[in-house]
Amino acid sequence: MKRFLSSVTDGSGFDIGLVLLPLAFLFVMSGLPLVYNVVMSFQEVDMFSLGSFARPFVGLKNYIDLFSQPETRPILLNTAIFVSASIAGQFLIGFGLALFFWVNFPGASWLRGLFLVSWVMPGLVVGAIWNWILSGDFGVLNFLLRETGAISGNIFWRSDPNYSLWAVIIANIWLGTSFNMILLSVGLSGIPKDLYEAAELDGANAFQRFWTITLPMMRSTIGAIIALGLIFTLQQFDLFAAITSGGPNNTSNVTQYWAWDLSFRQYDFAKGATISVIMIVFVMFASVVYVRSTRHEVRG
Amino acid sequence: MSDTFRNRLMFAVALVLAAIYLFPLYWMYITALKTGSAMFATPPKFWPSEPQWGIYEYVWQSRNMGRYLWNSLVIAFGAVSLIAVLGVGCAYVLARYRNIWVDVGLFLILMLQVLPASLMVTPTFVGFSQFGLLDTPRLAVILAIAAKSMPFFVVLVRATFMSVPMELEEAALVDGNSRIGAFFNIVLPLARNGILVSAILIFMQAFGEFVYSKSMIQAVELQPASVGLNSFMGPNTNEWNNIMAYATIYVTPILAAFVLLQRRIVSGLTSGALK
Amino acid sequence: MTFQIELNGVNKYYGAFHALKDINLAIEEGTFVALVGPSGCGKSTLLRSLAGLEKITAGEMKIAGQRMNDVPPRKRDVAMVFQSYALYPHMTVEENLTYSLRIRGVKKAEARKAAEEVATTTGLSHLMKRFPRELSGGQRQRVAMSRAIIRHPKAFLFDEPLSNLDAALRVHMRKEIRALHDRLHATSVYVTHDQIEAMTMADHVVVMRDGVIEQQGRPLDLYDRPANRFVAGFIGSPAMNFIPAVVGEGGADALLDFGRTRARLALAARLTPGLAVTVGIRPEHISIVAAGEGAFDIPVGIVESTGSATYVTSATQPELTVVETGRGAVKSGDVIGLSIDPKQLHVFDAETGERIGTERPPVTAASPPRLHLAEGAR
């Protein structure tokens, strides 16, 4: 007992205690649900069997059913479009802004930080604001597009099947651009200034310097940011709930919203769990990429 | 071209960019002040001619916002406290050692950080209902948010601890502290700011959390403001000025806190996400 | 006789890496010991093990006769001065000084009085309310020293405490630390990579390399009779010249191999004829004479003068460096004669690098007699 106590006050017992408690918590609250999710995806779960532990196992039935449903394919496609368009938009605009603010002028860092308000706001509020901006007859976006001559008639962003997914994408790009910009700014400021001076002496123009120094030096940062973008985009739920609810007719539905919808709107928890399993595997893959690209940080 | 001129020009362009980017926020504040007819006017007015200041009180009372915000506060405080108590020690240990176990722990934590809440909510909900946790839905949501956000907190706070020199702790040990004493007397005070900023970030996230609350809290009187806003927005609503007033009341405290602490939050955030 | 610090067969592993190999060290009370060696030699690990910040894997470690292997740092009663000073940035100078006393439950007024006393001797009295960030490098150094002094510990441990100071201040602090040590009649272990610091400050120098004690002894013993090539090259500045050589047929001289140039040099003692050796000559033990008048002649390569001394480097392979006080008349391209006293030669085995011929100096770390006298006088 004395030995144990002295290990806690002076030895590694202190560290082990500090780390074991939170890990146990995470194991119970995240690890077990993860396993339970897989178990449920092989079971039949409905409102009636929700409370019981002994539920009939149905093998791969949930998976087979899922892929034979007509809406599965379009929703997977929507997810792919949502993810790639969001990441591309956030990254390109974010990179542009980061390059602009890289030119140091008084107030640059303060103004740059201000952009981040889009990221700290609750997702549901962002969704509500964009819902109103994108509204068909009275939306301010339609007004601005008409005034500039980009469109002639109003676009019904939320209810037109051709645009509903893009309504959410626009909002999501706005939401994530600032975060991309801040991280890219950090990456840019990490490039030693004397590299550019050397390149300038070697006769490289601004464009060449960007291609031969900025981009290669930013490779690991860009990799990490794209992986992070993938992770954040696949977490995006609030905007769907606030703007389109996946409609009309699933045209703006994506897997992460669909999984929730199946569980909590249609009470088909087994199907919800099945989609979750598939998507979690995918997200884990993305996070491995992220961890690998920030490995130099991990080593500290 | 002189430097001052260039600086002013850049600043002006930056202001314009910021104005464009933050327009949605402006639109929220402006719409809330408009009358019903001004809101649907074509062309829309970009400055309210007769601002309706009474709308805030009206929305506050009619939507019972006090109760919603109180629930949001309870959930956010609960989650942040739980995360801070459990996460600080974990982050400290992960910052102090360099070995294979730390790398494994760090990897697991980064993995947990990326699990989307909307996918984890299904097994969590079913599990919680089986163990009767849904009878205390706010506690259930606090636990779920803590599990979801703790990894992020640990990553941020770990970066803070890594900036506290190891020698200071060793000096304290030689000076006569136990490990516990050195941790509380030396390491914790020096990491205080970083921990505080990380906690504020987590608080902001938890304050706006939606998925878990929406799924687990059925009773209206226990729901947080995000769920309240969601039920305010029916599919064919035309109360946009009221909704924007609701949104204004909801986010203004968060935005004020952010603008005040901006520099610290931004640097804390970036040091954790990448180096 | 009991020693203040005693290490018997101490070993330390980091995983598979063997950081300390069979360290034996015995330090009498009042001795100033310097641990010196290139970076990565294990000197800091040894010091940190003494403090209890590292756990040793095998062997025994005693402080004031007590076994310390499993005793946590706080119960060892040693004080440490860190390279980075490790001043608590959120505490004033006074709080930094009194911290260790407050932890031990010393009354506030008493701790403050002790701090005042120490601050007076170290010249910090006017800085007590300042924070570390408001101090200059030298002042921080003093606070770190004072923080160690205030406790009257069984031993002082210094981890390269001067390496963050500029050259002039370093020379000054060297003397100050040594004076402090003498006044407190303390036992000090001082880690440094600078052999001049070790030579000038310590009563007993321990030279380490790759986790092994290469040699230990009084500073001038190490200079006069280095146990091997490594110590010979490490101690002394500019570094000793090493020339490959073969012992001549009679065993009384050595044939030095400078590539194209060869030279014959008399030895002080007889060695086995034909033995391959390395001859070491300190630059300050060679004098320049006219060509043909010394032991051998050599062409001059580079001549550098600092004003007070002239460094002449030969145009041979390997190079030979000669130090002359004052300004020599030698120019690059000259041929000069060199005169060398055979007693100043060091001969090492060509393969093992071990010293050949002379006995090794004693190894216990004892303070010089003057310290014992000082104790007796008190």
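Two residues are taken to be in contact if their C-beta atoms, placed from the backbone, lie within 7 Å. Helices (H or I, at least four residues) and strands (E, at least two) are DSSP runs, numbered from the N terminus. The structure is a predicted model, in which local features need pLDDT of at least 70, side-chain atom pairs count only at pLDDT 80 or more, and totals for chains, interfaces and linings use all residues. Residues are numbered from 1 along each chain as its sequence is written, while chains are lettered from A and ligands numbered from 1 in the order in which they are written.

In chain C, C:Val93, C:Asn96 and C:Leu97 of H2(C) meet C:Val143, C:Ser146 and C:Arg147 of H4(C). By class, the residues of this contact are three nonpolar, two polar and one charged. Here Ala, Val, Leu, Ile, Met, Phe, Trp, Tyr, Cys and Pro count as nonpolar, Asp, Glu, Lys and Arg as charged, and the others, Gly among them, as polar. H2(C) spans residues 93–103 and H4(C) residues 137–149. Their axes lie 8 Å apart, and the packing angle is about 25 degrees. Axes are lines fitted to C-alpha atoms, for helices over the stretch in contact, and angles run from 0 to 180 degrees between N-to-C directions. H2(C) and H4(C) are therefore roughly parallel to each other. Angles under 35 degrees count as roughly parallel, over 145 as roughly antiparallel, 65 to 115 as roughly perpendicular and the rest as oblique.

H9(B) (residues 166–175) and H10(B) (residues 179–207) cross at roughly 155 degrees, and their axes come within 9 Å. The two helices are therefore roughly antiparallel to each other. H9(B) passes H10(B) in a right-handed crossing. From H9(B), B:Leu168, B:Glu169, B:Ala172 and B:Leu173 meet B:Ala182, B:Asn185, B:Ile186, B:Val187 and B:Leu190 of H10(B). Seven of the residues in this contact are nonpolar, one is polar and one is charged.

Domain bounds were taken from an automatic or database domain assignment. For chain B, the assignment gives domain 1 (10–53) and domain 2 (56–273). The C-alpha centres of these domains of chain B lie 31 Å apart. Eight residues of domain 1 and seven residues of domain 2 of chain B form the contact. On the domain 1 side, the largest share, four residues, comes from H2(B). For chain C, the assignment gives domain 1 (5–232) and domain 2 (240–349). The C-alpha centres of these domains of chain C lie 40 Å apart. Four residues of domain 1 of chain C are in contact with six residues of domain 2.

Between chains, 78 residues of chain B are in contact with 85 residues of chain A. Helix H13 (residues 240–273) of chain B supplies the largest share of the chain B side, 14 residues. That side has 55 nonpolar, 18 polar and five charged residues.

The predictor gives the complex an ipTM of 0.89 and a pTM of 0.85. The pLDDT is the predictor's confidence in each residue, from 0 to 100. Chain A averages 87, with 96% of the residues at 70 or above. Among the elements of chain A, helix H4 (residues 72–102) has the highest mean pLDDT (94) and helix H16 (residues 295–299) the lowest (45). Chain C averages 89, and 94% of the residues score at least 70. Over residues 369–378 of chain C the pLDDT is below 50.

Note on methods. A crossing is left-handed if the near helix is turned anticlockwise from the far one by less than a right angle, and right-handed if clockwise.
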